[in-house]
Amino acid sequence: MARPVQWRALLPGLAALAALVVALGVSNTRLALLLVLGALCGVTLYHAAFGFSAAYRRLLFAREPAMVQAQLLMLALATVLFAPVLAAGSAFGMPLTGASAPVGWQVAIGAFLFGIGMQLGGGCGSGTLYALGGGGTGMLATLAAFCAGGFAASLHMDAWQQLPDAGEIVLGEQFGWPAAVALQLALLAMIYALLRAFARPTLSLPLPDRFTIARVLGGPWPLIAGAVLLAGLNLATLLTSGHPWSITWAFTLWAAKAALALGWNASGSSFWQGGFQQQALEAPLLVDETTVMDIGIVLGAFVAAAAGRFFPELRVPLRGLAAAVIGGLLMGYGARLAYGCNIGAFFSGVASTSLHGWLWIAAALPGIWIGARLRPAFGMSL
């Protein structure tokens with residue numbers, strides 16, 4: 001059932017978002033567009049309840065595959081959308097690059113840690129942001145720990161990068177984009193079919209319901225709508241910024257800037273002496289594209305919640321707070337090692353036909369199982 005629109009809460013949220021879009025647009029139109037795209041991602045994630053943490057827990061422990069099936073649809077559509085523009089290598093005069101990273105132990109260990117962390121922290125990279133925007137104030141602890149974990153991993157990157165890897169393997173570059181797309185779609189279809197066989201007989205991916213204006217504004221949206229929209233929004237991000245959607249780099253950067261303010265000397269870290277990282281440290285936060293999109297996700301989720309019912313969670317149990325901190329630290333550390341989270345490494349990596357995206361989810365699944373088994377110890381349901 002569609003929730004009634006709360007106009008008195010919705011309009012101030014839209015006004016705040018519009019003011020920030022205008023403020024960014026005065027100096028940088030691309031950043032303003034990325035803020036809008038982030039907000040649309042936030043609205044979609046919130047209204048479709050498109051999560052990753054709960055999706056795999058439900059699959060593993062309740063044999064409910066609908067949320068994971070929606071992710072497979074999203075990956076298939078994004079693969080088809082990404083391939084032509086990545087094959088072209090540029091759009092609108094701007095070079096385009098997919099999300100790729102070395103296939104090796106560093107990614108596998110990072111994804112495994114992330115899998116544990118997202119079960120304890122109550123959300124993944126995107127889930128932390130949209131839950132926070134939707135009123136989940138307990139996610140502040142997860143987010144703060146997430147930032148700290150990412151920063152800690154950045155200080156250890158030299159050691160982790162000594163682990164063996166096979167280099168970057170992008171199917172589109174290895175076999176040509178038509179063959180890579182066909183291969184990846186076949187694999188996704190096979191996994192979808194296996195999930196149907198594994199599922200409890202009465203459960204399957206539901207079809208979209210009839211939309212009304214109240215349903216569009218106040219939600220909830222069907223999972224299929226979320227899958228289609230997120231694939232399209234990731235393509236729009238690629239065309240706007242030159243690279244696919246990512247989330248967790250901003251968390252590491254925020255912690256590094258906080259450390260600088262507390263007296264940390266970045267010259268002692270080789271990671272932060274890299275050209276991109278050093279430039280990001282010296283620049284204002286609102287110049288960082290990932291930061292702008294992350295802010296947009298939070299604002300978009302707030303607007304989506306305000307369009308229905310926005311009830312902040314003001315009480316967080318002590319055990320829940322401990323789980324949030326532990327989970328956030330593991331997610332932050334793991335995401336930095338794995339070159340991203342469920343969005344930057346898994347979603348964008350697979351859509352770019354990079355094998356590190358597939359390695360990410362394969363290594364994350366055992367971590368998800370362990371993390372879910374640990375949840376009852378912190379007062380959370382399995």
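Author: An axis here is a line fitted to C-alpha atoms, taken for a helix over the stretch in contact, and the angle between two axes runs from 0 to 180 degrees between their N-to-C directions. In this predicted model, helix α3 (residues 53–62) packs with helix α18 (residues 355–374) at an angle of about 75°, and their axes lie 10 Å apart. Since angles of 65 to 115 degrees count as roughly perpendicular, α3 and α18 are therefore roughly perpendicular to each other. On the α3 side the contact is made by Tyr56, Arg57, Leu60 and Phe61, while α18 contributes Ile361, Leu365, Ile368, Trp369, Ala372 and Arg373. Sorted by class, this contact of α3 with α18 has eight nonpolar residues, two charged residues and no polar ones.

Turning to helix α13 (residues 248–261), its 14 residues should span 20 Å at 1.5 Å a residue, and its end C-alpha atoms are 21 Å apart, which agrees. Ten of the 14 residues of α13 are buried, so this helix is largely enclosed by the rest of the structure; among them are Trp249, Phe251, Leu253 and Lys257. The buried residues of α13 pack against α6 (125–133), α7 (139–155), α14 (275–282), α15 (289–307) and α16 (318–337). Just after α13, glycine 263 takes a positive phi of about 105°.

One of those partners, α15, is itself mostly covered, with 15 of its 19 residues buried, and α15 reaches 27 Å from its first C-alpha to its last, close to the 27 Å expected at 1.5 Å a residue.

Methods
Residues are numbered from 1 along each chain as its sequence is written. This is a predicted model: local features need pLDDT of at least 70, side-chain atom pairs count only at pLDDT 80 or more; totals for chains, interfaces and linings use all residues. Side-chain values use heavy atoms; hydrogens and water are left out. Helices (H or I, at least four residues) and strands (E, at least two) are DSSP runs, numbered from the N terminus. The expected span of a helix is 1.5 Å times one less than its number of residues. Buried means under 20% relative accessible area, exposed over 50%, partly exposed in between (1.4 Å probe, protein chains only). Contact means heavy atoms within 4.5 Å. Angles under 35 degrees count as roughly parallel, over 145 as roughly antiparallel, 65 to 115 as roughly perpendicular and the rest as oblique. Ala, Val, Leu, Ile, Met, Phe, Trp, Tyr, Cys and Pro count as nonpolar, Asp, Glu, Lys and Arg as charged, and the others, Gly among them, as polar.
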